[in-house]
Amino acid sequence: MNQTKQEEEYGYDLFPERNPGGHKKMSIAESLFTFNNKCQVMLQFAVETSPYAKLLLSAMKSSGCQVLKDRHFSCEDCDGTVSGGFDAASSQIVLCQNNIHQQSHMNRVVTHELIHAFDHCRAHVDWFNNFRHLACSEIRAANLSGDCSFTNEVARFNFGLKQHHQECVRGRALRSILAVRKISRDEAEKIVDEVFEPCFNDHAPFGRIPHSKKDAKFAYRAYMNRDRYYANL
């Protein structure tokens, strides 16, 4: 596919360092004196301490898709409107080093994109041609990553109406689709509505909606102990 057409249709224009030849290698000087070093440190902290990330990484390894930090994550400069992305063509998570400045933000972005990577691992997701597949993964990522947690919604000055969590998930999934696909808002809303219920209720691999870090810790503990009952039969 023509690269310009690819950028226009699939959102690659938001990630200027993405190109068919692979990701840009930074020099040692660039790594030490730009956002890249801070991004790498925050990424390391996220994968080692975030219960959300630890559960997803364990689930992917169990599914035969072990994630390697140097291979599957890339800290890059991005358009100012995005914090991260999952590049299905290279099975790589992009972390926008110029837009992520706090550890809590890094943790959410890593979790959000790992959910896409988990979906890529466990299912035959047609990211580029099937908008329903894309919408489903965006719904799951918004629902399970903490994007719509009470704390984050209060910080955005969004307060609890009935089914507020569902509306937050729906809205964030819609915005994500519109950011990376050239379709109308009406068409995107229709697609999200069509797949919303089954995708919202798909909580794998958490088993529940982790509304907080405490919930994520419980989910991680349950996941790691999932075989203990059967081992003692």
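This is a predicted model: local features need pLDDT of at least 70, side-chain atom pairs count only at pLDDT 80 or more; totals for chains, interfaces and linings use all residues.
View 1. Strand β3 covers residues 92-96, and five of its five residues are buried, leaving the strand mostly covered. Follow the side chains along β3 and you will find Gln-92, Val-94 and Cys-96 pointing one way. Ile-93 and Leu-95 point the other way, and burial holds for the residues of both groups.

**View 2. β3 with its partner strands, β1 and β2.** Let us start with strand β1 (residues 73-76), which pairs with β3 in the parallel sense over four bridges. To locate this pairing in the model, look for Ser-74, whose bridge partner in β3 is Val-94. Strand β2 (residues 84-87) is also joined to β3 by four bridges, but these two strands run antiparallel. Here a handy landmark is Gly-84, which has Leu-95 as its bridge partner in β3.

**View 3. The turn between β2 and β3.** These two strands form a hairpin, with four residues between them.

View 4. Gln-97 lies in the loop between β3 and helix α6 (103-122). Is Gln-97 buried or exposed? Its relative accessible area is 2%, so Gln-97 counts as buried under the 20% cut-off. The side chain of Gln-97 also has a polar contact with the side chain of Asp-77, at 3.2 Å.

View 5. Three aromatic pairs turn up in a search of the whole structure. One of them joins Phe-196 and Phe-200: the ring centres are 5.2 Å apart and the planes meet at 20°, so the pair is stacked. Why are these two residues separated by about one helical turn? Both belong to helix α10 (residues 185-200), and they are separated in this way because they sit four residues apart in that helix. Phe-196 is buried, at 7% relative accessible area, and Phe-200 counts as buried too, at 9%.

**View 6. Arginines over aromatic rings.** Let us return to Phe-196, this time with Arg-170 in the picture. The charged end of Arg-170 sits over the Phe-196 ring, 4.1 Å from its centre. Another arginine to look up is Arg-226, which lies over the face of Tyr-223 at 3.9 Å from the ring centre.

Terms used:
Residues are numbered from 1 along each chain as its sequence is written. Side-chain values use heavy atoms; hydrogens and water are left out. Buried means under 20% relative accessible area, exposed over 50%, partly exposed in between (1.4 Å probe, protein chains only). Two strands pair if DSSP finds at least two bridges between them. A polar contact is a pair of N or O atoms within 3.5 Å; within protein, one must be able to donate a hydrogen and the other to accept it, and residues adjacent in sequence count only if both atoms are side-chain atoms. Rings of Phe, Tyr and Trp (its six-membered ring) pair if their centres lie within 6.5 Å; planes under 30 degrees apart count as stacked, over 60 as edge-to-face and the rest as tilted. A charge sits over a ring if NZ of Lys or CZ of Arg is within 6 Å of the ring centre and within 35 degrees of the ring normal.
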